[in-house]
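Here are some notes for a colleague opening this structure for the first time.

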Amino acid sequence: MSEPLRGVAVPDTRLHPIYLIIDTAKTVRQAIPFLVVTIFGGAPWWVNVALFALVMAIAIAQWGVKKYSVVGGVLLVRSGLVNRSVRVVPITRITELAASQSLTQRLVGVWGLNVRSPGDRQGSAVTLPCLSGRRLDEVRATLESSARTTVPTNPKSGSDPSTIQRYLAWRRTSVAAAPGEGLQVIAILTTAEMLLAAVTGSSILLILLAALVVWFQFSEYVPVRASEFMEQVVEPHGVVAVLITLFVVALAAGLVLGGLRLNRFTLIRDGDVLRNSRGLLGKRTATIPVKRIQAVRIVEGFWRTMLGYCSLQVEVAGIARTNASQRMLFPLVRTDRAESLIRRALPELPWPSQPLLVLPARLHRRYLTLPLEYAAGFTLLMLLLPGWWELVAILPLPLGYVLGVARAREARWRIDEESVALRWRRLLNRNTVIAYRSGSQLTELSSSPWKARAGVAGFKMRFSSGRGAGIRYMVESDALLLLHSVGRAGSAKVRSCHPAS
Amino acid sequence: VAATFPPTAGGEPSAVPLAGDLPTERHRLPARVTRYWRWRAFYSSVPILVLLVTAAIVLPWGPWWLRWGIVGVFVAVVAACMIILPPIRYRVFWYAISSTEIDVQSGIVFITRSVVPMYRVQTLLSERGPVAGHYRMTNLKIRTAAGSVKLSGLDRGEADELCARIGRLTDLADDV
């Protein structure tokens, strides 16, 4: 790790003055209920003027006291009128700098910058909501220069353009058309892939569920024209027509959302950071220092597996556990090309040198226990359903059996000199994690008297992203091998990675 | 959980042993911790018990035997937690600390052995409530960026010493 910057790298600086307008608008939004009361309550005009003046005064005062600086290797953000606060983020703990531009920010030409650090899984450690392009470049270059790895990817960097020059070239030009000058464009999501990602993602199912709930429970709140269309045109054709219509609505909404979120998703390797940019109306960019990446996760969803696709995610400290888009490496890639994409994007990541190891057949029946227990519970519940719906109760047990068999057959693991790889199936998704051997924060071996008698144990490793990877049942000696070899600093090299079974 | 690291096919250990692999390095909690766990379980259950009894008396819901049956089941569960579980938990639990990692085994029926590399420790949190204070006990939580490991019912002096030792050993740069 390089020595953090000492002294004043960025002096006390206020946000861009346009923040006044954005903050005023935010304050006005918050004051809407009060304004409604004063305006419609017949208050004199000067009361509303005084209120607006007060809001402006508060916004100006807040803008005046909110300052950021980079001093002595830490990012400081001072704010607060009554309650003064100082947020201190050591630069060495910064894991991601994410610049974003909403539609409003794009119109006025300013950027927002989210600074993320470990243990801050719900959001950003610090947010600077209004920076000019020049200031954004300056702050990012300062923060990135001290957070870089000591070993540059390109040893001839002295003759290359500086980080800031390369970044400026990237940010101000078409990414696809300017791959030179040290920037390596790894992959760009095509429109067809974007649509496929939207269709095979989970958002359409969620929108469909929401639409079903809204239509069947809260139809009185649906806009009049939509309600009339459904009642006069669709409903006379029966429940199936309603379901098809709602599915079409969900599909259209999912495609639009996918387009807004993933349009022209571009993954770029720029020295020792990965950058991505995406978005249709609001452009979002993210920077992830390569040295902060602890693992890569290949997620093969149900529909994507059928079509031979998967998505790629990274495990990075401080990147939100709940927000899949923040940890996205690439949203959709053919499964047979995933390895080459990861190798190009992250050549440092040690890849397992041999195929992953399967579990011995004697463990397979253990994978049936849990799904069949859940299936039995669901069967009992479904037997309480009225009429013909009771027949649905025949489904859970076969499905539970299939899930158990799939989990047993697909579970894999491998450990070697520098990497550890685990594969497991949850429900519909199959996950494969390839991690640095020292990349996990916490390792766990789980057992019970029954497992111990059968020589079986579970293994789990947890990353600083808050997520984990694990195999529920494996040979106990293999689980112990993983417990002794994963996550430890300076541990001896593993000489053997053969299963003990 | 197996005591030591298994040999490979060649008969050699293939990684450095963990702190807890040697039974002599394992630390157990003081024997009085079972009394502490019992009283903690009792005091923790009192508010819910009061609520259930009040509901059984005041609320006109269901037949009387169902209302008091729920109270009875709750009392039985609390009694089991107070009588049966603490000795099992005491027998299962141990921790071991080396200069490079913290090795903890805990559980009752489902047993978990956790290993925290020393350089991953972010913060230490020690807590001491009135019941713990009465028994001169401290609960220690070792936090990493990914989660935490809890040592519940350490002797107060031992906990202070442990905090100081881990604090010294974790004075290392982390690369999270």
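This is a predicted model: local features need pLDDT of at least 70, side-chain atom pairs count only at pLDDT 80 or more; totals for chains, interfaces and linings use all residues.

**Notes on the model**

1. Among contacts in chain B between residues at least 6 apart in sequence, 51% join residues at least 24 apart.

2. Chain B contains 5 helices and 6 strands. Along the sequence their order is α-α-α-β-β-β-β-α-β-β-α. The chain has 176 residues, of which 38% are buried. Its accessible surface is about 9,200 Å², and carbon and sulfur atoms account for 65% of that area.

3. Turning to chain A, helix α1 covers residues 18-30, a run of 13 residues. From first C-alpha to last, α1(A) reaches 19 Å, close to the 18 Å expected at 1.5 Å a residue. The buried residues of this helix are Ile18(A), Tyr19(A), Leu20(A), Asp23(A), Thr24(A) and Thr27(A). In an α-helix, residues three or four places apart point the same way, because there are 3.6 residues a turn. The list can be read against that rule: Asp23(A), Thr24(A) and Thr27(A) are among the buried residues.

4. What do the buried residues of α1(A) pack against? Two of the partners in chain A are helices, α3 (45-65) and α4 (103-108). The others are strands, β6 (110-116) and β7 (126-132) of chain A.

5. Two pairings of β18(A) can be followed in the view. With β12 (residues 293-300) of chain A, β18(A) pairs in the antiparallel sense over 6 bridges. Within β18(A), Val433(A) stands opposite Arg297(A).

6. The other pairing is with strand β17 (residues 419-425) of chain A, which runs antiparallel to β18(A) and is joined to it by 7 bridges. Here Arg423(A) has Thr432(A) of β18(A) as its bridge partner. A hairpin of 4 residues connects β17(A) to β18(A). When inspecting these strands, recall that side chains in a regular strand alternate between the two faces of the sheet.

7. Over all chains, the structure holds 7 aromatic pairs. In one of them, Phe302(A) and Trp303(A) have ring centres 5.1 Å apart and planes at 80 degrees, so the pair is edge-to-face. The cut-off behind that label is an angle over 60 degrees. Phe302(A) is partly exposed at 35% relative accessible area, while Trp303(A), at 55%, counts as exposed.

8. Another edge-to-face pair is formed by Phe42(B) and Tyr43(B), with 5.5 Å from centre to centre and 65 degrees between the planes. Both residues are partly exposed: Phe42(B) has a relative accessible area of 32%, and Tyr43(B) stands at 46%. Ring pairs also bring in Trp39(B), giving a cluster of Trp39(B), Phe42(B) and Tyr43(B).

9. Which residues lie over the face of a Trp ring? In chain A, Arg14(A) lies over the face of Trp63(A), at 5.5 Å from the ring centre. In chain B, Arg89(B) takes that position over Trp37(B), at 4.1 Å from the ring centre.

Methods:
Residues are numbered from 1 along each chain as its sequence is written. Chains are lettered from A and ligands numbered from 1 in the order in which they are written. Side-chain values use heavy atoms; hydrogens and water are left out. Rings of Phe, Tyr and Trp (its six-membered ring) pair if their centres lie within 6.5 Å; planes under 30 degrees apart count as stacked, over 60 as edge-to-face and the rest as tilted. Buried means under 20% relative accessible area, exposed over 50%, partly exposed in between (1.4 Å probe, protein chains only). A charge sits over a ring if NZ of Lys or CZ of Arg is within 6 Å of the ring centre and within 35 degrees of the ring normal. Contact means heavy atoms within 4.5 Å. Accessible areas come from the Shrake-Rupley method with a 1.4 Å probe; for residues, only the protein chains shown count as cover. The expected span of a helix is 1.5 Å times one less than its number of residues. Two strands pair if DSSP finds at least two bridges between them.
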